[in-house]
Amino acid sequence: MNSYIVTGGAGFIGSSLVRALLGRGAERVTVIDNFFSGRERNLDEVRDRVELHRADIRRYEEIAPLFRGAGVVFHLAAIPSVPRSISEPVPSHQVNIDGTFNVLRACAEAGVGRVVYAASSSAYGGSDVLPKVETMPPDPKSPYAVQKLAGEYYAHVFASCFELETVSLRYFNVYGPRQDPSSPYSGVISVFMKCLLDRVPPRIFGDGEQSRDFTYVEDVAALTVKAARAPGVSGRLYNGGSGGRYTLNQVWKILQEIEGVEIPARHGPPRAGDVRHSQADTAAAARDLGHAPSFNLEEGLRRTLTWYREDR
Ligand code: UD1
């Protein structure tokens with residue numbers, strides 16, 4: 001099983017997954033990316049071991065031939081943002097639902113061994129029950145959550161109706177090196193990193209007491225590789241989280257302490273579509289995929305901060 005394809009492989013999580021595959025015995029990895037948010041420089045030091053195709057998953061004819069002969073396809077290409085799915089719902093829908101359907105269809109027709117699909121913790125939505133267990137009914141609160149959930153359902157159905165092995169992983173608020181802080185839709189930790197190094201206050205939407213299971217990107221990549229290899233899990237869904245939970249106020253406090261600065265955050269109104277709390281139950285991923293996260297939040301934040309500092 002050595003022919004790996006990563007859609008969205010030039011993106012933040014995808015490029016970390018490419019490194020994880022190369023570091024675990026893959027000789028080469030194929031990347032499909034349209035460079036909407038991905039960057040070739042995200043693959044810099046592994047570029048000579050990556051076969052890179054600029055292609056858009058919205059165009060079936062363009063991508064279908066690329067999947068022939070693949071053992072495992074990791075489908076990470078997406079427009080990954082809750083607020084963006086509200087302000088720009090059409091491209092978000094087209095990439096996250098139609099594009100995912102195209103990838104699954106192309107993989108089934110190409111006889112791919114397994115697809116690992118990057119789903120989202122946003123599917124759990126608003127319920128107060130914590131931690132979130134895979135058996136809970138979904139409760140999407142935003143177009144993005146609906147889109148990622150539809151992808152899961154499709155992945156599940158492709159496993160039962162089209163004999164394509166699929167595994168879905170609900171990623172929980174992933175952070176780490178190479179996350180782009182420059183867009184209005186950037187993940188909160190990348191924004192915090194930039195503010196910290198620029199010595200400017202971040203803007204926190206709401207009171208900052210909302211909490212997330214912030215998950216270090218290398219842990220997510222390791223889990224994703226395991227999902228490709230574990231036997232007997234086709235058609236299933238697993239949380240990809242660390243199992244912890246921190247409020248935004250706590251994260252900003254830890255970062256100030258690491259850096260030895262005091263920069264009070266500014267607070268604005270709450271953000272539409274936001275869920276209040278999120279935390280993964282990691283028991284199923286541990287049991288079936290043999291996964292155990294290696295990085296606690298402080299360690300992950302320190303590594304991330306070092307990367308942002310050196311990247312300047
Ligand atoms: C959601 C999903 C996550 C998914 C991600 C894709 C949940 C629980 N999580 O993340 O699985 O991968 O979408 O984008 O649904 N915030 C600020 N200031 C900022 C930016 C954000 O206060 O400058 C706040 C947001 O309002 C939110 C929290 O930080 O409360 C996290 O936001 P963000 O990083 O955008 O991720 P989620 O929307 O939680």
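Within strand β11, Arg236 is the bridge partner of Val167, strands being DSSP runs (E, at least two residues) and helices likewise (H or I, at least four), numbered from the N terminus. Strand β6, residues 165-171, runs parallel to β11 and is joined to β11 by 5 bridges, where two strands pair if DSSP finds at least two bridges between them. The model is predicted, with local features needing pLDDT of at least 70 and side-chain atom pairs counted only at pLDDT 80 or more, whereas totals for chains, interfaces and linings use all residues. Residues are numbered from 1 along each chain as its sequence is written, and side-chain values use heavy atoms, without hydrogens and water.

The open sheet consists of 7 strands with parallel pairing, in the order β3-β2-β1-β4-β5-β6-β11; its edge strands, β3 (50-54) and β11 (236-240), each pair on one side only. From one strand to the next, the twist averages 20 degrees.

Turning to the ligand, 22 residues surround it, and the closest are Pro80, Ser121, Val188, Arg212 and Asp274, a residue being near if one of its heavy atoms lies within 4 Å. By class, this shell has 10 nonpolar, 8 polar and 4 charged residues, where Ala, Val, Leu, Ile, Met, Phe, Trp, Tyr, Cys and Pro count as nonpolar, Asp, Glu, Lys and Arg as charged, and the others, Gly among them, as polar. The largest share of the shell, 3 residues, comes from β8. A polar backbone atom of Pro80 lies 2.7 Å from an oxygen atom of the ligand, and a polar side-chain atom of Ser121 is likewise 2.7 Å from a ligand oxygen atom, polar contacts being pairs of N or O atoms within 3.5 Å, for which, within protein, one must be able to donate a hydrogen and the other to accept it, and residues adjacent in sequence count only if both atoms are side-chain atoms.

How values were computed: Axes are lines fitted to C-alpha atoms, for helices over the stretch in contact, and angles run from 0 to 180 degrees between N-to-C directions.
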